[in-house]
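Here's a quick briefing to read with the model open beside you. Take a look at the structure, then work through the points below.

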Amino acid sequence: MTNRPYEEPVGRLRSHPGDLPWNRPPRPADVDPAVLGALLRRHGWQRRGGAAGRYGRWTPPGPGGAGTSLLVPENRAFPDSDDLLGEALDALTRNPTPAAREVLISLAVPSDEIRWWRDTPAGPAGAAPWDADGRLRAAARQTLLAAALATRARAGYHGARHRRPAAALLADVLVGPAAEGRTLTAFVPVPTGRPLAVRLHQALHAAREAIDYRRATGGMDAFDGAVEAGVSRELTEALGVLVRGTEGARIAVAWAPGAGVPEGCAPSAEPVEFSPGDLPALREAAARYLRAEPSVPVRVTGAVVRMRRSGPGGEGTVRLRVLAGADVPHLRVTLDEEDYRIAGHAHLVGLPVRVHGRLESRGGFRRLTGASGVVPVQVDEGERERLMKSLQENLDFFEEACGEE
């Protein structure tokens, strides 16, 4: 049985589902007619006439759209604009199609949209493979996580570094339903997620250029330069998951109409395409990034949460909950007999320790090698009480580990 450590922070409380903005229809007064028109066009709605300069008539995508239409004002210059907007929003709310739901989400939460396509071979009568939806969602999540990691640092291989803040950046991202395992859309709120969308936009284009260079010349140098744009082992592996088992795949980043185009980014929402022929280059790049990322000299402060050694004396292994000095939540450290003894005593009195060493890329930057100079560190009373409570909850284990001392 594993106890939840006392010192782990409690997760952020979330709003009741009924209080979330995307569960409330947007108010006409909050909707810019130009933004609504741009979103309708993006999601496949067709403008079919209307009074020039006053409003446009829009019909939904697909063969069944002829019986439904929206009247959307072009601006607020006319007295009936709010009435028309209210009627259009009400019609969108009652329309069951994904094209209507996605427009409402983007109006409620101004978002950059990221869309994935997988061209999977169709089964009988257009049926999709059983695991197609899971593969698409896995590839999408890995893609977003790779972009979130790149907003924290430029690295060819992130490993366990920055995982917690990167995952937190994804907390507000909304994901729509996958269409038969072939199409998926994520809505990235502009206030919190635009750096993620920008980084992904730049990284996708840099990855595409690096792959083309590799296929044309046989050289991998372009992948080295692509790291600065956000390409990493994590991204190349995500693209591999997206493409594998398909006839091709695409990713597009479309900017929120009301927020404008970020500096240095293309306004076009043209998708970046990848194919099964790119897989060898992606695998080679992933291996190259893993080999090239160096170990890092660090000075880590951490709380001892586990101790183990094979006998009553000699070196032992310590697991630290990192408090400062490294961008990973936990580290495993092998200590000589004296440093192991100091670490054990520091834990028994409720103090963290400071240790020097090298953060090894092998294993995902989860291990500190060449560790030396272990010393206890003074902390405030609140943190010391938390460490002592952790010791009391695991006292039997630590008495077994440190009893010879």
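Contact, or touching, means heavy atoms within 4.5 Å. This is a predicted model, where local features need pLDDT of at least 70 and side-chain atom pairs count only at pLDDT 80 or more, while totals for chains, interfaces and linings use all residues. Residues are numbered from 1 along each chain as its sequence is written, and side-chain values use heavy atoms, with hydrogens and water left out.

**Confidence**
- The protein chain has a mean pLDDT (the predictor's confidence in each residue, from 0 to 100) of 84, with 85% of its residues at 70 or more.
- Residues 1-18 have pLDDT below 50, and this stretch has 18 contacts in the model beyond near neighbours in sequence.
- Residues 395-405 also stay under 50, with 19 contacts beyond four places in sequence.

- Five strands make an open sheet in the order 5-6-4-7-8, with antiparallel pairing; two strands count as paired if DSSP finds at least two bridges between them.
- Strand 5 (174-175) and strand 8 (272-274) sit at the edges, each pairing on one side only.
- Strand 5 runs antiparallel to strand 6 (residues 183-189), and 2 bridges join them.
- Leucine 174 has phenylalanine 187 in strand 6 as its bridge partner.
- Helix 8 (residues 233-243) lies across strand 4 (111-118), strand 7 (249-254) and strand 8, at about 120° to strand 7. For that angle, axes are lines fitted to C-alpha atoms, for helices over the stretch in contact, and angles run from 0 to 180 degrees between N-to-C directions.

**Nonpolar cores**
- A nonpolar core is a set of buried Ala, Val, Leu, Ile, Met, Phe, Trp, Tyr and Cys residues joined through side-chain atoms within 4.5 Å. Buried means under 20% relative accessible area, exposed over 50%, partly exposed in between (1.4 Å probe, protein chains only).
- The largest core has 49 residues, and Trp116 and Leu204 are among those with the most contacts inside it.
- Helix 6 (residues 190-217) gives this core its largest share, 10 residues.
- Another core, of 25 residues, lies apart from it and includes Val304 and Leu320.

**Histidine 330**
- You'll find histidine 330 in strand 11 (residues 330-335).
- Histidine 330 counts as partly exposed because its relative accessibility is 25%.
- Leaving out residues up to four places away in sequence, histidine 330 touches Val305, Arg319, Leu320, Arg321, Val322 and Arg366.

Note on methods
Helices (H or I, at least four residues) and strands (E, at least two) are DSSP runs, numbered from the N terminus.
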